[in-house]
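Here are some notes to read alongside the model.

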Amino acid sequence: MGLNINKLKIEIMNRIIWLFSLLIMFSVGQKAIAFCGFYVAKAGATLFNNRSEVILVRDGERTVITMSNDFKGNVKDFAMVVPVPVVLQENQIRIANRNLFAKLDEYSGPRLVEYYDSNPCMPVFEYDMEEVSKSLFSNIPMAMNADMGSMELGVTIEAQYQIGEYDILILSAKESEGLKTWLIGNGYNIPATANEVLDPYIKSNMKFFVVKVNLEKSLEAGFDYLSPIQIEFNHDRFMLPIRLGMANANGAQDMVVYAFTRSGRIETTNYRTVKIPTDRNIPLFVEPRFGPFYKALFDKAYESEGKNAVFLEYAWNVSPSWGVKCDPCVGNPPIFNDFTEAGVNWIDQWGGSTVFFTRLHVRYTRDKFPQDLFFQVTPNQENFQGRYILSNPAEGDLSCDAGQNYLKDLEMKRKREIDELVSLTGWEDRYGSNYVLQYSNQIKNREKRNELLPVVNIDLPRGGGGLGIWIWLLFAGLITSAFYIAKRFRPVLA
Amino acid sequence: MEHTIQLKGKERTDLTILSLIKSGLKDARHFQILYLGLFIIYGISFLRWDLAPWRIGLIITTVLVTQMLFVAWKGGSLSSWKSALITGLGLSILMRANEPMTLVLGAFLAIAIKFVITHQGKHIFNPANFGIVAVMLITGDAWVSPGQWGSSVVLVYFIGAAALMVLLKVGRIDTSLMFIATVFFLEYLRTIVYLGWDWDVLFHKFSSGSFLLFSFFMITDPVTTPKNFWARMIWACAIGVLSFILSQWFFIHTAPIYALVIISPLTVLFNHFMKGKTFQWV
């Protein structure tokens with residue numbers, strides 16, 4: 001028994017190091033101490049080590065926050081504290097379906113797409129398109145627990161609920177010392193530095209949503225995981241309190257936010273929201289390494305944006321009445337049931353209204369993110385996705401002139417792909433020359449090139465695109481005419 | 001002999017360029033145009049703003065055409081295109097919208113308001129400020145991204161230095177400093193003294209590019225600020241207090257631009273009761 005506890009301690013101490021969280025989690029300190037929050041298993045099982053997921057729904061002042069619960073370990077050791085702006089009523093707290101996170105992740109994750117070049121020596125053009133998609137992340141939700149007493153120390157228990165497998169308290173406190181003493185007195189070990197963060201929240205009139213696992217209910221249910229918790233409230237403050245989770249965190253933590261709004265994208269108002277690099281042509285050999293590729297890409301982007309930007313990974317109009325939900329789709333787009341599950345309450349099954357989906361990915365540290373994340377809903381309805389493109393070379397005999405031109409262009413194109421890969425990920429160029437010269441033995445005459453023959457267009461169209469020169473001429477013309485009219489007709493003022 | 005003549009000719013051109021630069025330096029608007037232009041280039045290339053060049057073209061075309069048509073109708077200086085261009089650049093930095101027509105409407109309203117609502121021949125609202133607020137409230141299709149600048153020390157220096165050049169010329173640095181001091185004092189009391197956050201939370205707020213740009217380039221418009229020094233102090237202070245209240249208790253992230261629109265009409269009152277010298281651009 002003693003051995004097991006020691007093992008448990010080591011296990012849990014490891015987690016302290018990996019602690020993430022927009023929330024802090026405190027545990028009952030009878031034996032083990034676990035400050036585990038939205039924590040994801042280490043490399044191997046998932047791509048980003050300290051990653052948490054949150055689903056936000058924002059409509060006017062109505063906010064629904066669903067927090068994934070990826071705690072792994074003994075449910076006894078689980079507890080969490082989330083600052084919330086109001087005292088939540090029982091009907092404002094729900095248990096959400098954990099599959100929702102996996103579904104949204106799969107739907108909106110960065111995608112690898114594959115195209116096939118057609119053979120210019122073949123009479124019939126075939127344009128075959130196939131998509132290769134990789135789900136980058138997976139959820140491994142688990143279980144936990146804590147025990148709690150109650151006593152007065154400037155701390156008021158505003159409400160007490162039993163929901164799903166959780167025992168929930170809503171606390172309000174007068175000052176951080178009182179709250180700290182109360183928590184410690186009730187067997188919670190809180191980090192020394194949490195104190196300085198608790199104070200500002202208390203003074204901002206925030207309440208504390210304290211959760212632990214009800215062991216009996218948990219045993220009854222017989223699950224080996226904990227369900228996501230969903231809370232709902234009305235408040236004009238639209239933010240995620242990440243500072244609390246930093247109280248005892250080491251290193252950077254990743255958070256993925258899935259948001260649903262009525263009007264358009266969400267963005268952070270106190271940090272830059274930038275698009276993740278997208279629509280890049282990358283070499284074929286990346287395919288089996290797409291997970292590490294995207295991770296390296298994200299690392300590089302995070303560094304080059306100064307480690308204090310929030311990344312847009314996906315944005316799409318997912319209204320039931322809207323046509324294309326993704327291009328190409330990696331996972332199934334969310335449907336009516338998913339909206340309801342997430343807390344979207346403004347559409348009916350036939351879908352008259354708009355539902356806009358945004359996926360943000362933020363990696364934060366204490367020094368680069370001193371403030372909590374504040375968001376705003378914008379009317380911005382532009383679709384966006386993180387998409388990376390593989391092009392398979394044409395197959396068959398390429399000895400005709402057009403085929404020879406194609407092969408020469410292919411070398412150039414592959415060289416660009418290698419350059420792109422290096423610049424996106426910072427990886428060393430190890431396979432480059434083999435890849436570029438893979439078909440060089442099929443090129444008969446390097447010097448000769450028949451410029452008259454058409455070359456298969458292997459560049460893919462990219463979104464956006466500028467307007468032609470004529471629009472600039474139109475602008476110039478309008479301005480010139482306006483100046484002329486002003487000069488010619490303006491009345492002379494006394 | 002030929003050689004000397006050539007030299008003389010060269011000197012002459014140098015003189016002409018110099019005199020051009022000299023006359024250019026007189027008008028502070030040239031600096032504003034230069035700096036705002038640089039900010040846009042910096043924003044697109046380094047901060048990766050999601051802003052297509054043709055949208056900037058559309059906004060600037062609209063402001064210039066609107067300005068010139070109003071000049072043709074109501075009279076005014078032909079050189080007022082510089083003010084209109086500043087408005088256009090300011091709108092390009094701030095105003096985002098889905099529909100191009102929303103941008104056109106915002107740019108049009110910004111200029112039109114200068115000719116429609118005037119007092120003693122001077123406009124009352126800061127044009128870019130009015131345009132963006134009007135279009136956000138009317139269409140619901142426009143927005144401002146206060147986070148687009150991020151927070152960095154380089155940016156503080158960059159914007160600050162540029163601002164200093166312009167504001168020392170037009171003599172409105174007092175307005176900026178008063179506004180910043182007011183907000184800083186209130187934020188200090190609230191964030192540090194009362195709530196107990198660390199200093200870096202406060203510094204993060206004040207190194208926001210959006211805040212600095214507003215402080216140095218928007219509320220300093222010499223035409224729409226009160227003429228009297230003390231009136232300007234009260235005026236800037238009022239904007240500071242109002243934007244602090246709007247951001248702290250109403251969670252309006254673009255609080256300063258709303259505060260400016262609300263306080264702007266008071267300029268008329270200030271100018272009536274507290275006399276000062278009327279500003280002329282050149």
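1. Which residues of α8(B) meet which residues of α9(B)? From α8(B) come I180(B), V183(B), F184(B), E187(B), Y188(B), T191(B) and I192(B), and they meet W199(B), V201(B), L202(B), K205(B) and F206(B) of α9(B). Contact here means heavy atoms within 4.5 Å. The residues of this contact split into nine nonpolar, one polar and two charged; Ala, Val, Leu, Ile, Met, Phe, Trp, Tyr, Cys and Pro count as nonpolar, Asp, Glu, Lys and Arg as charged, and the others, Gly among them, as polar.

2. Some housekeeping before going on. This is a predicted model, where local features need pLDDT of at least 70 and side-chain atom pairs count only at pLDDT 80 or more, while totals for chains, interfaces and linings use all residues. Residues are numbered from 1 along each chain as its sequence is written, chains are lettered from A and ligands numbered from 1 in the order in which they are written, and side-chain values use heavy atoms, with hydrogens and water left out.

3. Back to that helix pair. Helix α8 spans residues 173-194 of chain B and helix α9 residues 199-206, and their axes come within 10 Å and cross at roughly 150 degrees. Helices are DSSP runs of H or I with at least four residues, strands are runs of E with at least two, and both are numbered from the N terminus. Axes are lines fitted to C-alpha atoms, for helices over the stretch in contact, with angles from 0 to 180 degrees between N-to-C directions.

4. Now look at α3 (residues 53-74) and α4 (residues 81-94) of chain B, which pack at about 150 degrees with their axes 9 Å apart. That makes α3(B) roughly antiparallel to α4(B). On the α3(B) side, I56(B), I59(B), I60(B), V63(B), L64(B), Q67(B) and M68(B) take part. The residues of this contact come out as 11 nonpolar, three polar and no charged.

5. α4(B) also packs against α2 (residues 28-45) of chain B, at an angle of about 20 degrees and with the axes 10 Å apart. α2(B) and α4(B) are therefore roughly parallel. The residues of this contact divide into eight nonpolar, six polar and two charged.

6. T66(A) is buried, at a relative accessible area of 0% (buried means under 20%, exposed over 50%, partly exposed in between, with a 1.4 Å probe and protein chains only). Its side chain makes a polar contact with the side chain of Q230(A) at 2.8 Å. Such a contact is a pair of N or O atoms within 3.5 Å; within protein, one must be able to donate a hydrogen and the other to accept it, and residues adjacent in sequence count only if both atoms are side-chain atoms.

7. R265(A) sits in the loop between β14 (253-261) and β15 (266-268) of chain A. R265(A) is buried at 8%, and its side chain makes a polar contact with that of E382(A) at 3.0 Å.

8. Most residues other than glycine have a negative phi. D279(A), though not a glycine, has a positive phi of about 55 degrees, and K307(A), not a glycine either, has one of about 60 degrees. D279(A) is buried at 15%, whereas K307(A) is partly exposed at 30%.

Key:
Parallel < 35°, antiparallel > 145°, perpendicular 65-115°, else oblique.
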